[in-house]
Structure formats: structure tokens, C-alpha cells
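Have the viewer open while you read.

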Amino acid sequence: MYVAVKGGEAAIANAHRLLAHVRRGDPAVPELGLEQIAEQLALAVDRVMTEGSLYDRELAALALKQARGDLVEAVFLLRACRTTLPRFGHSAPLDTGRMAVRRRISATYKDLPGGQVLGPTFDYTHRLLDFTLAAGLPPPPPAEAPAEPDAPMPRVTDLLADESLIEPSPPEQPGAPVGDLTREPVSYPTGRDTRLQALARGDEGFVLALGYSTQRGYGRTHPFVGEIRAGAVMLEFVPEELGFPVPLGRIALTECQMVTQFKGSGERPPQFTRGYGLAFGGCERKAMAMALVDRSLRARELGEEATAPAQDEEFVLAHCDSLQATGFVEHLKLPHHVDFQAELELVRRLRAEHAARQAATPPMLQEAAE
Amino acid sequence: MTAMSTRGFARLASGAAGTNFGYLDEQTKRMIRRAILKAVAIPGYQVPFASREMPMPYGWGTGGVQVTAAVLGPADVLKVIDQGSDDTTNAVSIRQFFARTSGIATTTSTAAASVIQTRHRIPEHRLKEGQVLVYQVPIPEPLRFLEPRETETRRMHALSEYGLMHVKLYEDIARHGHIATTYAYPVQVAGRYVMDPSPTPKFDNPKMDDCPALQLFGAGRERRIYAVPPYTRVRSLEFEDHPFTVQRFDRPCALCGAADTYLDEVVTDDRGGRIFVCSDTDHCEERRAAGHRGEAA
């Protein structure tokens, strides 16, 4: 007698137990601590926080550990946690001009007020595997420079703005609502605030590839890195009942201002335009790619013909989220046999009709038809 | 970072026990209920809603789960099916989720349930007044594969511009002699909006028409909710000379002998052996309990 398959409940529970066991790995190897992940896999933590839209190194480290190092899964865990948190409001605009800078470079000027500060970067390292690291040898101490706490470090875009060569920042709109796609569904066309939010949360690989595509001619913008700066910025919040900003603490950020060519239009003189990227921690690649795509998505606003994927707001925003993408791709693992049955029945019927037509056609005509 | 605080651990360790009834917070539920009310008021119209990130992946029923969470009350009895069955892994997982986060009673019986969340099927048992059927929807837009742009499809709905869909169905007939859409077969609701019934086999389409139960559709990733209120006209698209037809199976269920249900084809060996059994496992079990027998039982 045939008995329909059962026991999904026990199978799921057992799969989860096995996963926990495999996640831990060989018990003879010491277990990873969250501090180790947060300290030594800091850029993975930064990426999970950026795409997870939650600034919490501890939770991001836990997510990475629980996800066995799978970044998209870790982002998922962090987002699922974030979604249960209340939202009190939005912070006062960050002033990245007052950033405690750890790294600051400009590709458009050889030198500039505040100087070029390389900071802790992979740039200019030779990518050779370092076997002293495998041996666990301590690194030499970092070089030190005398502190210049009051040295001004103006944003490069502000330097150019003095000549009106570059478009100014959009005027501040105090009290204007701030888009939040986690609280309001996106409707197209949408505002730049929502686009930037989507790009900041977007999958680094996807945003990177889109930014790259603009460099290869699919919506070319002739970009220059006006400035990349990374460091700590004070976050301030204005509680309604107080009416003045209260500091909440410092967060680590990387900001990228991409400066791009613009030949001008009927209304606007020739001028450099800008693309903007901002990410938590040291996600520099992400900030750069985001700035490229942000600029490309301004095509409509600047009166440019939108022909490339990176200029297509609906295409970019609808596909940049790794959770939406991975969820829908991976849902193909779920059973689909009811629909497959419907297709089976159709294909059988089509084949039967095809065979009947073939049988009804005299052989000579069949050959002629071929 | 010097020492890790235990704040995060405490928050996560509290787990489901620390979350609100039905997982979502009350503000979120209110937002979803508003979308549902609008959807009921405009049958078949896709209402955008601020879909939340859920602890299960997009594409695995996050829309259905949010709708269910928003309509569940403590007195409700929940049934969850996937492919018609209460026993498939995702149905088990979602049922456990609600049992854990709301503590409500669950059932596998269609008749005993007040809320039924489903993926890909409508129960065989006729639904009754007061019941809510919640569909999990992957792509809510019936015109999506004809026109990928949301801005365009919304305009087409606004203008009732459904010619493209009829052309697609006509092309099927021209090529195959009949319409080659077997599931997610488009319907028109209350004579107005063309709607995607979710990927249920078209066998189930007639059950949507004049149904005494409230039918709610949740698409989490695409952030849309739509609805068919009780006793609403739901017509499958068709032509006068090519009327809508449903799948027919040329044999009854091998377990319960039912000849009027949707069947799963089960491969029984590697020599071409196969049997056909009811996809709706609860319906099949009920019939067998009542003494019906098929050839393999």
C-alpha cells in the first residue's frame, strides 16, 4: 500500500540540529568569540551592518558567526532583528565635514588643505599571501604622527563649490519627510533619498557591477573620485520634547563624493555634477560603487537620455536588495509539484496532439515539409 | 570594542517568547490591516504596503505570513498548506512559527480552520462564511511577464487596458490550439481588475468564484496585498469560442478514489510505475476515514 510522504516536522528539527553541529565544526578547534569576529573580520562586520541597515557591531558579529560566514545570510539575520525594533525618528543630518578622519584621499587634486591621508588601506599592498600571518606573528606597531586636532579638512566638493564649478549640495529642507523604504513601499519614480537608501542597503556585488557597467559605456558619466573620507562622525538626534540636538554617539563611516562631467542643458550651465556614496565602517568599494550608480540614476533629473541599466531606477531598485534576490531565487527549492503537475499534463497533451498530427500527415508531405 | 555587552544576547535569547502576538508589532499590524481593508474595498486591486522583513526568506511566504499575522486573533484556528498538503516542509515551518509566536490552535482540517494560509492550492473542501483564505503570492502582477515595468502595468490597470493579456492568450491558441497557461491563470475580479490568482493550478480557479470565504493575497517581496471579498464574481479569462477549461485527470485518486480532485503524480519505482493521489491530503484522509478506497489503498 502506498503511504504519502510525511514527517516534515522531524526532518526540519533534525536539519537544524545538524546545522548547529556543522556550524561549530571540529570541537578540538577553539570556538570563535564575537570579539574576535568584530575585531579581526571587521570589514565583514561593516558590510553586514551596511546591508543590514543596523549599526551594531556585536549583533553583526553574532549574525556572521551564526551564518557560518555567509554574508547574505548574516545580513538576513540582522535585518530580521532590525524589523522588530521600534523607529523613534531620524537623526539630524550628519556633518561629515566634522568627521574625525582616519583616511581621506582625493584623486582630483595632488594636494589639498588637510592633505592626503592614506590610513589603513589595502591600496598599494602587494597581494601576496602573508605566511607570517598564518604563523600568528604580531605585526609591527603603527607609525605615529604628531596630532593636529584642529587642522581643518574641508570636503573637496566644498573647495570646488567656491567657483560654482560643481553643483552645490541640494539646499537643506528642515522638517521635510525623509524617505524610508522599510516603512513605505517604493513607488516609481521615487526620490533621491529613497534611492540612496536602497543603494546603501543593496548588495555590494550587484551595486559594484552596475557601477562598473557605467565605466564601460553603459551610461557613461566620466567620473573622478573627488574625495573618499573615512572616520568617525557624531550622530545627533533632536527629541521632539527637547527641540535641540542630543548626541547619540559616534559611528564609523566611509563617504565617497564622485565628481562627474556634465555638459550643461538649456537651464543649467556646464558644471561638474556629483554622485554620492555612504556606508558604515570601511565599506569603501561599496561607497564608490554607490556613488557611481547614484549619479547614473540622476539621468532623468539632469535631462540625460536613460538607456543603460544603471540609469533605470526601477531596474536598479527592484533588484539590488540581496534579501529579495536570494529569497526569490532560493524559493525555487520549495516544492512546486502542483504547478509542475499542471505543466506535465499540458506537455503530455501537446505531445499527443503533435503525434496525432504527424500520424495524420502522409510521409511524403512530411519529408517535403522538412 | 573592549567587552561585549550582553544586551544583544538577552534580546535574541528571549527569541519568540519576547515578540508580540503573531510576531509583528501592533503598529505594523494596523498598517497591514489598513491595506487589507482597502484591498477588500477594491476587489482585485493591488494595494502597496510597507512589507516588513520577516525571519523567513522572501519568496517563502513572507506576504502570506504578514497577512495572517495581521488577521489572527487568539480565538482563531490556523491551517497552513503548501502544494495542498499540511505536511510539506514549508507549511510545517510556517505553522510552527505561528504556534510559537501566537500560541494559537492549529489544525489540518479545512472545516475546522478559521484562517488557512496556502501556497499553490485552494482546498478541495468548499470554504464557508467566516473563513479567511490567505494566499502566498510570488508575483502579484498578472501583466508582469508581458510588461516588466511597474509604472506601465499600474497605468494599464488604471485604464483597464487588458488587450495585451488577451493577445497573449490568443497567441497560445494560434500556436497550440488551446491556451497553454496551466497555473497562475489570470482572472477578472468583479468585472474590473485582472488579477493573478497566485500560482495555483487553473483547476482551482472556479473555486474562487462566488466563494463564501474572504480571500486575501499577500506578496511580501513585491509589497502588495489584494483581496477577493466573499461572494465576488471571479471569471477566468476566456474567449467565446475557446471557453476556460480546467485540467482533468483520466483516473481517480489511488488512495481515496476521488474523481473530482487535483492529483499529484507519484513515481513509485524506476520502471515507469506511478500512481496519482490527491494533492489535498486533508481531503483525502477525510474521505478514507469515511470509508472511500482507491486502488492502492
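## Charges and surface

In this predicted model, chain B carries 36 positive and 35 negative side chains. The centres of those two sets sit 7 Å apart.

## Overall form

On to the fold as a whole. Chain B is built with 8 helices and 12 strands. Its C-alpha atoms fill a box of roughly 70 × 55 × 40 Å along the principal axes.

So how does the radius of gyration of chain B fit with a compact globule? For 297 residues you'd expect a value near 19 Å, and chain B comes in at 21 Å, which agrees.

Looking inward, 58% of the 297 residues of chain B count as buried. If you take the contacts in chain B with a separation of 6 or more, 62% of them involve residues 24 or more positions apart.

## Zooming in on strand β2

Now for strand β2 of chain B, which covers residues 77–82. Why can we call β2(B) largely enclosed by the rest of the structure? Because 5 of its 6 residues are buried, meaning under 20% relative accessible area.

Which strand does β2(B) pair with in the parallel sense? That's strand β3 of chain B, residues 105–106, and the pairing runs over 2 bridges. To find one of these spots in the viewer, go to Leu78(B): its bridge partner in β3(B) is Thr106(B).

How values were computed: Residues are numbered from 1 along each chain as its sequence is written. Chains are lettered from A and ligands numbered from 1 in the order in which they are written. This is a predicted model: local features need pLDDT of at least 70, side-chain atom pairs count only at pLDDT 80 or more; totals for chains, interfaces and linings use all residues. Side-chain values use heavy atoms; hydrogens and water are left out. Helices (H or I, at least four residues) and strands (E, at least two) are DSSP runs, numbered from the N terminus. The radius of gyration is taken over C-alpha atoms; the globule rule is 2.2 Å times the number of residues to the power 0.38. Buried means under 20% relative accessible area, exposed over 50%, partly exposed in between (1.4 Å probe, protein chains only). Contact means heavy atoms within 4.5 Å. Lys and Arg count as positive and Asp and Glu as negative; His and the chain ends are not counted. The place of a charge is taken as NZ of Lys, CZ of Arg, CG of Asp or CD of Glu. Two strands pair if DSSP finds at least two bridges between them.
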